[in-house]
Amino acid sequence: MTEQEEHMYVLGNSAETLLNQECFTKVVNTLTEQSFQTFVNTDMGEPEKRERLYSHYRGIVDIVETLRHWVSVRDEIQTKADTLQEEVGP
């Protein structure tokens, strides 16, 4: 495993730990719901406010998607390492 792969593997582990924390999930869900509800309740004539709320919502979603991506990369690295180990043998 290269140094960068090791770094991404550790990030993936940390990301999975964070994603599995009940407190983190509650914070994300609460902020997402608040942003969405506030956005829905704004008038169409308030484009700046709506854009700001949408950006806030997208920021939260982007954080979670990035963490999930890191977990996915970690899993790919692990699969690659397992495949190499099988080819080399015990």
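Q: Why is Arg58 counted as partly exposed?
A: In this predicted model, Arg58 has a relative accessibility of 26%, and since buried means under 20% and exposed means over 50%, with partly exposed in between, Arg58 counts as partly exposed.

Q: How do you know that the span of helix 3 agrees with its 42 residues?
A: At 1.5 Å a residue, helix 3 should span 62 Å, and because its end C-alpha atoms are 60 Å apart, the two values agree.

Q: What makes helix 1 oblique to helix 3?
A: Helix 1 (residues 3–19) and helix 3 (residues 47–88) pack at an angle of about 130°, with their axes 7 Å apart. Angles of 65 to 115 degrees count as roughly perpendicular and those over 145 as roughly antiparallel, so the angle makes helix 1 oblique to helix 3. Helix 1 passes helix 3 in a left-handed crossing, and the residues making the contact include Met8, Leu11 and Leu18 of helix 1 and Val64, Trp70 and Ile77 of helix 3. The residues of this contact divide into 12 nonpolar, three polar and five charged.

Q: Which residues of helix 3 are buried, and what covers them?
A: Arg50, Leu53, Ile60, Val61, Val64, Leu67, Val71, Val73, Arg74 and Ile77 of helix 3 are buried, and what covers the buried residues of helix 3 includes helix 1 and helix 2 (22–40).

Notes
Residues numbered from 1 in each chain as written. Predicted model: local features only at pLDDT ≥ 70, side-chain atom pairs only at ≥ 80, totals over all residues. Heavy atoms only, no water. Axes fitted to C-alpha atoms, helices over the stretch in contact; angles between N-to-C directions. Helix = DSSP H or I, 4+ residues; strand = E, 2+ residues; numbered from the N terminus. Parallel < 35°, antiparallel > 145°, perpendicular 65-115°, else oblique. Left-handed = near helix turned anticlockwise from the far one by under 90°. Contact = heavy atoms within 4.5 Å. Nonpolar A, V, L, I, M, F, W, Y, C, P; charged D, E, K, R; others polar. Expected span 1.5 Å × (residues − 1). Buried < 20%, exposed > 50% of the residue type's maximum accessible area, 1.4 Å probe, protein only.
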